[in-house]
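I opened this entry to keep track of what I looked up, item by item. The notes follow the order in which I went through the model.

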Amino acid sequence: MLRFTLARSAGAMRPATLSSRAVSALGSNVSLRRQYASSAAAVAKAVETDEGLSIETHTDVQAANKEQTDIRTNSNISSNVTADAISSGTTALNHAYRENTGFGTRPIYMDMQATTPTDPRVLDTMLKFYTGLYGNPHSNTHSYGWETNKAVEAAREYVADVIHANSKEIIFTSGATESNNMVVKGVARFYKNTKKHIITTKTEHKCVIEAARSMMNEGFEVTFLNVDANGLIDLKELEGAIRPDTCLVSVMAVNNEIGVIQPLKEIGAICKKHKVYFHTDAAQAYGKIPIDVNEMNIDLLSVSSHKIYGPKGIGALYVRRRPRVRLEPLLSGGGQERGLRSGTLAPPNVAGFGEAARIMKQEYENDKAHIDRLSKKLIDGLLANDHTNLNGSALHRYPGCVNVSFAYVEGESLLMALRDIALSSGSACTSASLEPSYVLHALGKDDALAHSSIRFGIGRFTTEAEVDYVIKAISERVKFLRELSPLWEMVQEGIDLNSIEWSGH
Amino acid sequence: MAVAPTRLQVLALYKQFIKNSKQFNNYNFREYFLRRSRESFRANVALQKPEEVARAFADAKEELGVLKRQAIISQMYTFDKLVVEPLDSQKHTPSPTGV
């Protein structure tokens, strides 16, 4: 829809081309002018270069969408059946979709726990590694290797800085799943001769739970700690579960579904007292809550880049050096990354990750204030509806993760009705199956409530207008779906649903 | 070593920030950089020492470079407008199929 024209001097306007002159102008003092095209045809013409090649890639199909909407509207008018079905009984859905109302069609992104948009500043750092700086950072015989190695080490510094670690303690991996697997399997295997026991919790991410389960096949015993109704673990239970042959305690910092922050410092102190390694999965916490690996006695910590507005496909593992934590590497190879994770590093990803970490630290106060404000607004707005409640502790929580249950509404049907908001009922890994969230189960929620829960993610790029839209859209559609529900009717009449004896069971 | 910029220079830089932020095609990035540009310039009003002002000015100039490049990239790869984004009504004269 937009096109830009590069003008070297006032009055000398010409269409954007890939000529050397225009490219050099990008670097120098260039003034961009945005012009609105009057029709789609004009746009298509404008982005073509002299050779008839387009340099712009537009994946917007707005025109097509508008057309489809027009067709739908027209057919609705002609076929009375559908029109009646939509307008019967309730007015709630009249505002459900902003179709043909002068607004766009792309959904609002509210699934920040699954992944975050890449920050433009991160992309800017990465681009030069895809254009000129393509050396292998492990080549130490020429300058191509030196320059990328320098960038990798700078990034390592930034990543370490956020958690107050030393850069030598950071191992780059492919993501938090690899980091978690490396810890659970690697530490256990290294100490398998003397230690046979791992402790973790029931609300961990799937990759920790599954890795621990696979260690059970290798002869280890695993204790899955329970959590209370707020999602927090019981420190006394943890201390009681530690045995002389326990090698590892793995507790996640911020839960990916309910945003609950575990008492890391207290857990760290207990682990130190009993000389057990403490691992925390900080994929959702890194850069978002204050973490100090020394103060909290964290021995191993997993990080993911794409949760902090960095590139996908990279993460890190913090491995304490003093006292040294030993683990068996998952991958055998050239011995990169202190021999713990062999394989050539991807400098674009590493540099992007480093920049993302640097920005997380630089923007910490701003992001926090912004997210706190929007989170409060969202929670207040959603809980203003009847029979809704916030899942997880209200105090010990990361405000960017809001998990709300809407009683008497089926979560998946609410999600289907919310096609203009990108949301999830839980972790992206489990959203393919319709089983209710195991995290909410661990909190003691019943199936019905676990089914009707939705997770909202607020991040750096979420705007107030988006939050307003979400509150309005959710409230309207919850009301609409409840009006359809016979259960809701019974509740309105004051019937206790638990007292009903359902036939056919 | 650097001399503190004049009031006019700072204002000109601020104008550049706003102008370039507005050129992001992506709604979320546009809104974010507009918000951050305003906030950070306002926060730096309190800076008094010439060397501090000079450093903030130099940093901001570097950031402006990033902003300019990324605004162009954002215009090169565009996506549908979000449901909260008003469309320019004149831009949506229904086009014949295939054009």
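The entries below go from the whole complex to single strands and residues.

**Entry 1. Confidence**

I noted at the start that this is a predicted model. For the complex, the predictor gives an ipTM of 0.86 and a pTM of 0.82. I then looked up chain B by itself: its mean pLDDT is 85, and 86% of its residues reach 70 or more. I marked residues 89-99 of chain B, where pLDDT stays under 50. For that stretch the model has 17 contacts beyond four places in sequence.

**Entry 2. Chain A overall**

I recorded 17 helices and 16 strands for chain A. Of its 505 residues, 43% are buried. I also checked how far apart in sequence the contacting residues are. Among contacts in chain A between residues at least 6 apart, 73% join residues at least 24 apart.

**Entry 3. Domains of chain A**

The domain assignment of chain A lists domain 1 (2-46), domain 2 (120-362) and domain 3 (365-499). I looked up the pair formed by domain 2 and domain 3 of chain A. Their centres, taken over C-alpha atoms, are 30 Å apart. How many residues of each are in contact with the other? The count is 21 residues of domain 2 of chain A and 21 residues of domain 3 of chain A.

Is strand 12 of chain A enclosed or open? Five of its five residues are buried, so strand 12 of chain A is largely enclosed by the rest of the structure. I sorted the residues by direction: Gly315(A), Leu317(A) and Val319(A) point one way, while Ala316(A) and Tyr318(A) point the other way.

I then went through the pairing. Strand 6 (residues 170-173) of chain A pairs with strand 12 (residues 315-319) of chain A in the antiparallel sense, over four bridges. Within that pairing, Ile170(A) has Tyr318(A) as its bridge partner, and Thr173(A) has Gly315(A). Strand 11 (residues 300-304) of chain A also pairs with strand 12 of chain A, antiparallel and over five bridges. There, Leu300(A) has Val319(A) as its bridge partner.

I went back to strand 6 of chain A to check burial. Both of its faces are covered. Ile170(A) and Phe172(A) lie on one side, Ile171(A) and Thr173(A) lie on the other, and all are buried.

I looked up an open sheet of three strands in chain A, in the order 13-14-16, with antiparallel pairing. Which strands are at the edges? They are strand 13 (388-390) and strand 16 (453-457) of chain A, each of which pairs on one side only. From one strand to the next, the twist averages 25 degrees.

Strand 14 (residues 401-406) of chain A is antiparallel to strand 16 of chain A, and the two pair over five bridges. In this pairing I noted Val404(A), which stands opposite Ile454(A) of strand 16.

**Entry 4. Ser425(A)**

I picked one loop residue of chain A. Ser425(A) is in the loop between strand 15 (421-422) and helix 14 (438-442) of chain A. Is Ser425(A) buried or exposed? It counts as buried because it has 23 C-beta neighbours inside 10 Å, and the cut-off for buried is 20 or more.

**Entry 5. Chain B**

Chain B has three helices and one strand, and along the sequence the pattern is α-α-α-β. Of its 99 residues, 24% count as buried. Of the contacts in chain B with a separation of 6 or more, residues 24 or more positions apart account for 70%.

Last, I looked up Val3(B), found in the segment before helix 1 (7-22) of chain B. Val3(B) counts as exposed because it has 10 C-beta neighbours inside 10 Å, and the cut-off for exposed is 12 or fewer. Its C-alpha atom is 6.2 Å from that of Ala54(B), a residue 51 positions away along the chain.

Conventions. Residues are numbered from 1 along each chain as its sequence is written. Chains are lettered from A and ligands numbered from 1 in the order in which they are written. This is a predicted model: local features need pLDDT of at least 70, side-chain atom pairs count only at pLDDT 80 or more; totals for chains, interfaces and linings use all residues. Domain bounds come from an automatic or database domain assignment. Two residues are in contact if their C-beta atoms, placed from the backbone, lie within 7 Å. Two strands pair if DSSP finds at least two bridges between them. Axes are lines fitted to C-alpha atoms, for helices over the stretch in contact, and angles run from 0 to 180 degrees between N-to-C directions. pLDDT is the predictor's confidence in each residue, from 0 to 100.
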